[in-house]
Amino acid sequence: MGSSSTPAAAAPPPSRRRVALYLTLLTLQYGAQPLISKRFVRQDTIVTSLVLATEAAKVICAIVLLIAEGSLKKQFRNWTLAGSLTASGLPAAIYALQNSLLQISYKNLDSLTFSILNQTKLLWTAFFTYLILGQKQSSKQILALTLLISAAVLLSVGESSSKGSKGGSSDYVLLYGIIPVTVASMLSGLASSLCQWASQVKKHTSYMMTIEMSFIGSMCMLASTYRSPDGEAIRKYGFFHEWTFWTVVPVLMNAVGGILVGLVTTYAGGVRKGFVIVSALLVTALLQFIFDGKPPSHYCLMALPLVMTSIFIYQKYPYADRKKKD
């Protein structure tokens with residue numbers, strides 16, 4: 001995908017401890033977000049208003065962080081439309097298409113099949129990371145990814161055991177269920193790898209990517225409100241319909257999560273972000289037990305050692321180029 005000129009004063013990469021902190025905070029945010037949203041967002045709150053508010057909060061947080069590190073003027077001085085569209089426009093468009101495909105698939109697949117197929121995005125991320133960035137995985141890291149996907153499947157089984165399956169003819173399920181979620185998983189891996197490429201090769205900072213992708217995503221969502229049910233609801237009841245003071249909490253928490261996603265993708269990579277997503281499911285189960293008294297399922301308890309083992313193996317046995325060794 002071509003190279004870019006190295007910035008005159010490139011910021012040094014953060015330490016391993018800092019990256020580990022980003023990974024831990026993102027895991028906690030992903031894990032706690034469902035419970036926080038459930039408690040502080042009313043049932044009739046307009047979803048589009050929450051999403052747009054979150055994107056606006058992401059932009060504000062990113063600008064504040066750029067000011068804090070003293071690079072705001074430099075980033076906007078070096079900004080170009082072509083560079084922005086290359087680095088952030090394509091991933092944003094891919095993520096938008098992916099979300100649409102997931103919505104189609106979710107309506108036409110039972111929860112278990114949907115969740116299992118959706119976990120293949122971990123493999124697609126590893127594949128596109130290799131294809132675009134040349135980042136190889138060791139045989140033991142591939143084993144770790146397999147263990148992680150197995151854990152994700154177990155967690156999906158536990159989640160879907162209380163949900164009924166959805167009917168439909170086999171051809172219809174294939175066309176409107178299996179194919180969309182499979183393509184969406186592939187697109188997720190592609191978009192994640194492109195974001196990593198933009199930050200690591202093109203030297204596009206994670207904060208600028210957050211600002212650009214939030215802006216593009218918001219414009220697309222605002223355009224969709226022209227004829228969507230949420231758009232009609234906003235025009236009829238107002239943007240902040242059913243909001244309370246506490247609604248701001250999940251919005252800000254989600255915005256911080258968006259900033260962390262950019263940092264994790266930049267400094268740890270899309271594959272490790274996959275480990276975060278699966279680990280967060282265990283965090284959610286733990287928090288549900290602590291605050292709701294809902295004990296974790298047997299599937300969750302079986303998945304826990306698999307996740308821990310996969311993380312240990314992936315970190316312990318990275319790919320080593322034999323030519324460099326020689």
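A search of the whole structure turns up zero disulfides. The model is a predicted one, and that applies to every value below. C61 is partly exposed, because its relative accessibility is 22% and the buried class ends under 20%. C300 has a relative accessibility of 8%, so C300 counts as buried.

**Overall content**

The protein has 14 helices and zero strands. Read from the N terminus, the order of elements is α-α-α-α-α-α-α-α-α-α-α-α-α-α. Of the 326 residues, 42% are buried. Take the contacts between residues at least 6 apart in sequence: 89% of them join residues at least 24 apart.

**Two helix pairs**

Two packed helices are described by the angle between their axes and the distance between the axes. The table gives both values for two pairs.

| Helix pair | Angle | Axis distance |
|---|---|---|
| α2 (residues 47–68) and α11 (residues 248–267) | about 55° | 8 Å |
| α12 (residues 270–292) and α13 (residues 298–316) | roughly 150° | within 10 Å |

Start with α2 and α11. Their angle is about 55°, and the pair is therefore oblique. The crossing of α2 and α11 is right-handed.

Now α12 and α13. What is their relative orientation? They cross at roughly 150°. Angles over 145 degrees count as roughly antiparallel, so α12 is roughly antiparallel to α13. The crossing of α12 and α13 is left-handed.

**Positive phi in loops**

Most residues other than glycine have a negative phi. Two residues here depart from that pattern. K203 is not a glycine, yet its phi is positive, about 60°. K203 sits in the loop between α8 (170–200) and α9 (206–224). Its relative accessibility is 42%, so K203 counts as partly exposed.

E242 is the other case. Its phi is positive too, at about 65°, and E242 is not a glycine either. The loop between α10 (229–237) and α11 holds E242. With 27% relative accessibility, E242 counts as partly exposed.

**A glutamine in α4**

Is Q98 buried or exposed? Q98 belongs to helix α4 (residues 81–108). Its relative accessible area is 7%, so Q98 is buried. Leaving out residues up to four places away in sequence, Q98 touches A184, L187 and S188.

Technical notes. Residues are numbered from 1 along each chain as its sequence is written. This is a predicted model: local features need pLDDT of at least 70, side-chain atom pairs count only at pLDDT 80 or more; totals for chains, interfaces and linings use all residues. Side-chain values use heavy atoms; hydrogens and water are left out. Axes are lines fitted to C-alpha atoms, for helices over the stretch in contact, and angles run from 0 to 180 degrees between N-to-C directions. Helices (H or I, at least four residues) and strands (E, at least two) are DSSP runs, numbered from the N terminus. Angles under 35 degrees count as roughly parallel, over 145 as roughly antiparallel, 65 to 115 as roughly perpendicular and the rest as oblique. A crossing is left-handed if the near helix is turned anticlockwise from the far one by less than a right angle, and right-handed if clockwise. A disulfide is a pair of cysteine sulfur atoms within 2.5 Å. Buried means under 20% relative accessible area, exposed over 50%, partly exposed in between (1.4 Å probe, protein chains only). Contact means heavy atoms within 4.5 Å.
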